[in-house]
2 protein chains.
Amino acid sequence: MSEKLPVIAILGGTGDLGTGLARRWAQAGYEVIIGSRTQDKAEAAAADLKKVMDARGVAAVTVRAMDNLAAAQAADIVAMTVPFSHQTSTLESVRSALQGKILIDVTVPLVPPKVARVQLPPEGSAGQIAQALLGENVRVVSAFQNVAAHHLQEGQGLECDVLVCGDSKEARAEVIKLVEAGGMRGFHAGGIANAAAVEAMTSVLIFINKQYSCHAGIRVTGLESH
Amino acid sequence: MSEKLPVIAILGGTGDLGTGLARRWAQAGYEVIIGSRTQDKAEAAAADLKKVMDARGVAAVTVRAMDNLAAAQAADIVAMTVPFSHQTSTLESVRSALQGKILIDVTVPLVPPKVARVQLPPEGSAGQIAQALLGENVRVVSAFQNVAAHHLQEGQGLECDVLVCGDSKEARAEVIKLVEAGGMRGFHAGGIANAAAVEAMTSVLIFINKQYSCHAGIRVTGLESH
């Protein structure tokens, strides 16, 4: 008997990044719940996801659409991909439903219009904001901030590694499984304070994208050296 | 006629990272000045550098040893590789000699003993501290924080890219030349505020080194995609 896969909710699952993650996990056989502020938007995104999976020949995909709170309640693991300006309000609206669960925080603290400039919050990082707001009964794991949504939405392999930060090593390991299920390499990258490095790197990558006309990512090197 | 290469001073040039950079630039034909708090220490490091260059069959290397202030005065471009706790005092001692020049700040704001934990300063980054202290007549460029000294000291190619941050694009381009002379790829990574991302990444890499028993670095990927 194989282990039952966790059900994953993606809050803010109608955006580019949420859509990309949903496609990766649905394709890997996970049951995915698209969460949004309204049921209508979630349903449109879920319908789109089913269509893309059909086109890729992925059979028997279970996709559901719910509002964010219902999605968080129904899932085993909750990922959140909302703009930084909505991070706190979204977390407050689902806090009770997250207790005892892992929250994968994909928030990047970009401050428009200067999104290519690092402007970390006084708390240190969006990951730390989430952990402080949710309390220690929720294991916040920060991940996927450096992956181009463009690349995630495609079905192929990805050249960008995922640095996984969180105070619980076990929770990081769970998220690394999801990273690998999505076709990427995931690395233990330290406690939630280290999310600052990854979040800030997103602005650097946005700068590089503009400068060199590309969709840049990063890879960890030197793993073989001792 | 070829362009005359700039003379490079390395303040704190007796440490592991300074030694590594000195070897790379001396090997590429640059005149290098090893700076230290005392002439004696600088001379010992310069003698060692000459010995390593001899062993590698690199002829006609010009290496000088000076205290930090004299080194900064004599050089065209000044690199600084001192511990974070000495950054401000070292910069204050050479500020006058840096006016009109490029300072390559390699400072990483690690806070021992938890060096694998991101702990950025309230100013945002060590790079921003340097730029604020030195004033706009000094073009501060932040670079090399993610490269393992271990790898720099070896003569071979390096798998770690160098993200180059600074408010002057021309100064960044000068530093990218030095990165390339050292056998690495250098990238324009944004203004000096973006040094926060690179400095913070060093703690992530230290964490990865411990976790995976390696000397990790990062590479920029996705440069070909549009």
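Are Trp25(B) and Phe144(B) buried or exposed? Both Trp25(B) and Phe144(B) are buried, where buried means under 20% relative accessible area, exposed over 50%, and partly exposed in between (1.4 Å probe, protein chains only).

The model is predicted, so local features need pLDDT of at least 70 and side-chain atom pairs count only at pLDDT 80 or more, while totals for chains, interfaces and linings use all residues. Residues are numbered from 1 along each chain as its sequence is written, chains are lettered from A and ligands numbered from 1 in the order in which they are written, and side-chain values use heavy atoms, with hydrogens and water left out.

**Exercise 1. Find the aromatic pairs and describe two of them.**

Step 1. Apply the rule: rings of Phe, Tyr and Trp (its six-membered ring) pair if their centres lie within 6.5 Å; planes under 30 degrees apart count as stacked, over 60 as edge-to-face and the rest as tilted. A search over all chains gives four aromatic pairs.

Step 2. One of them is Tyr212(A) with Phe187(B), at 5.5 Å centre to centre and 75 degrees between the planes, which is edge-to-face. Tyr212(A) lies in helix α8 (residues 195-212) of chain A and Phe187(B) in strand β8 (residues 186-188) of chain B, so this pair joins two chains. Helices (H or I, at least four residues) and strands (E, at least two) are DSSP runs, numbered from the N terminus.

Step 3. Check the accessibility. Tyr212(A) is partly exposed at 29%, whereas Phe187(B) is buried at 5%.

Step 4. Turn to Trp25(B) and Phe144(B): their ring centres are 5.7 Å apart and their planes stand at 75 degrees, so this pair is edge-to-face. Trp25(B) belongs to helix α1 (residues 16-27) and Phe144(B) to the loop between β6 (139-142) and α6 (149-153), so the pair ties together parts 119 residues apart in sequence.

**Exercise 2. State how chain A is laid on chain B.**

Step 1. Superpose the copies by least squares on the C-alpha atoms of residues with pLDDT of at least 70 in both.
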